[in-house]
Amino acid sequence: MDDKTWWQLVRDGKDEGWKLVWERVVEPESKSMRSAEMMERFSLTAGDLMGMLFDEMIGKHKIDLYRGEGSFEGWLKRYVRGYVLNADPNKHGEISIEGAHPDAEGEGEAMALPTQDKETIRLEVWRMTLYFFRLLWNEDPERCYIHLLKTRYFMSSEEIKDFLDVSSAANVDQIFSRSIKFMRESWRKWDRVKK
Amino acid sequence: MKAPSDKKIVFFFHSHPTKDIKMQWRAEVTFPPGATANTTLGISVVDGEDEPVKDAVFEFAGKELQVKDGAASMTFAEFIAGKHSVPLWLHRKGKKPVPGVPTFG
């Protein structure tokens, strides 16, 4: 499959395209030396990366920023790396493809002295994620089910449509996008409260 | 409604913290591969010490399900009918009901 076809499938939210995103981008990147350690530190899972990508590409139409310069796979990988690099719990929602430029590789890590207890932050991230998930449940449990089916069981929108009796796969995408947005906004509110 | 034929889906829930560990609970709702409307979903409920809850009522997906020796059940169709229902409680006879939340397993 050429890059243009793949891009079009991803843009249209087709399972075939997103399956390749999982196989060629998210899964390899989450196991790479570069990202695996940081992901563990910030309690990020491959499912989170997939959810983020879906939200950014489809929800925020960032997919349209790809101009066909360089490979689509490389472009998506830079995006994922940028997300992982910026996954500091104190900077949630700050995603920049520029931050993941290959020339900037490793920057920010050099000579970094610990100023916080990582384990405490990790525990707080986990507790707050569970808390926000509970708030999501209170909004509508179906959102939680879709969130879990996408991020834990990697089910396609078509499969989830059949599973939960949702009217269409597009509706599943929309609900999932809203649940991601809800979780992210909850983090932003929490960050504001902490400050 | 139809579950994927190649994987088992499990949703996990646990109670809010309680002073008495025995009053805590965890529940797992299991959808077997290929489940359809009439398929019975297995639900297991254990207390804070991982012991099966002997006798209680599990309020989930808009239904009040009888729990006997740590097991309860409902059909896939019943689950779908109550998929928007928020209340999630374990009621033990003569005890204060304990609410719960979904978790990641």
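Let me begin with a term: by a nonpolar core I mean a set of buried Ala, Val, Leu, Ile, Met, Phe, Trp, Tyr and Cys residues that are joined through side-chain atoms within 4.5 Å. Please keep in mind throughout that what we are looking at is a predicted model.

With that term in hand, the largest nonpolar core here has 86 residues, and the members that touch the most others are Phe11(B), Phe60(B) and Phe79(B). The element that gives the most to this core, however, belongs to chain A, namely helix α6, residues 118–139, with 8 residues.

Which residues does Phe79(B) touch, if we leave out those up to four places away in sequence? Within chain B they are Phe11(B), Phe31(B), Leu41(B), Phe60(B), Ala61(B) and Met74(B), and across in chain A they are Tyr145(A) and Leu164(A).

Let me stay with chain B for a moment. Its secondary structure consists of 1 helix and 8 strands, and if you read along the sequence you find the pattern β-β-β-β-β-β-α-β-β. Chain B has 105 residues, of which 44% count as buried, and among its contacts with a separation of 6 or more, 52% are between residues 24 or more positions apart.

Now to the interface. The size of an interface is often given as the accessible area lost when the parts come together. For chain A and chain B the buried area is about 2300 Å², with carbon and sulfur atoms giving 67% of it. On the chain A side, Trp137(A), Tyr153(A) and Phe163(A) supply 30% of the area that this chain buries against chain B, which is more than any other three residues. Counted by residues, 24 of chain A are in contact with 27 of chain B.

What about the polar side of this interface? Between the two chains there are 10 residue pairs in polar contact, counting pairs with both residues at pLDDT 80 or more, and the salt bridge count is 1. In that salt bridge the side chain of Lys83(B) meets the side chain of Glu142(A), at 2.7 Å from N to O.

Technical notes
Residues numbered from 1 in each chain as written. Chains lettered and ligands numbered in written order. Predicted model: local features only at pLDDT ≥ 70, side-chain atom pairs only at ≥ 80, totals over all residues. Heavy atoms only, no water. Buried < 20%, exposed > 50% of the residue type's maximum accessible area, 1.4 Å probe, protein only. Helix = DSSP H or I, 4+ residues; strand = E, 2+ residues; numbered from the N terminus. Contact = heavy atoms within 4.5 Å. Buried area = accessible area lost by both parts, 1.4 Å probe. Salt bridge = Lys/Arg side-chain N within 4 Å of Asp/Glu carboxyl O. Polar contact = N/O pair within 3.5 Å; in protein donor to acceptor, adjacent residues only side chain to side chain.
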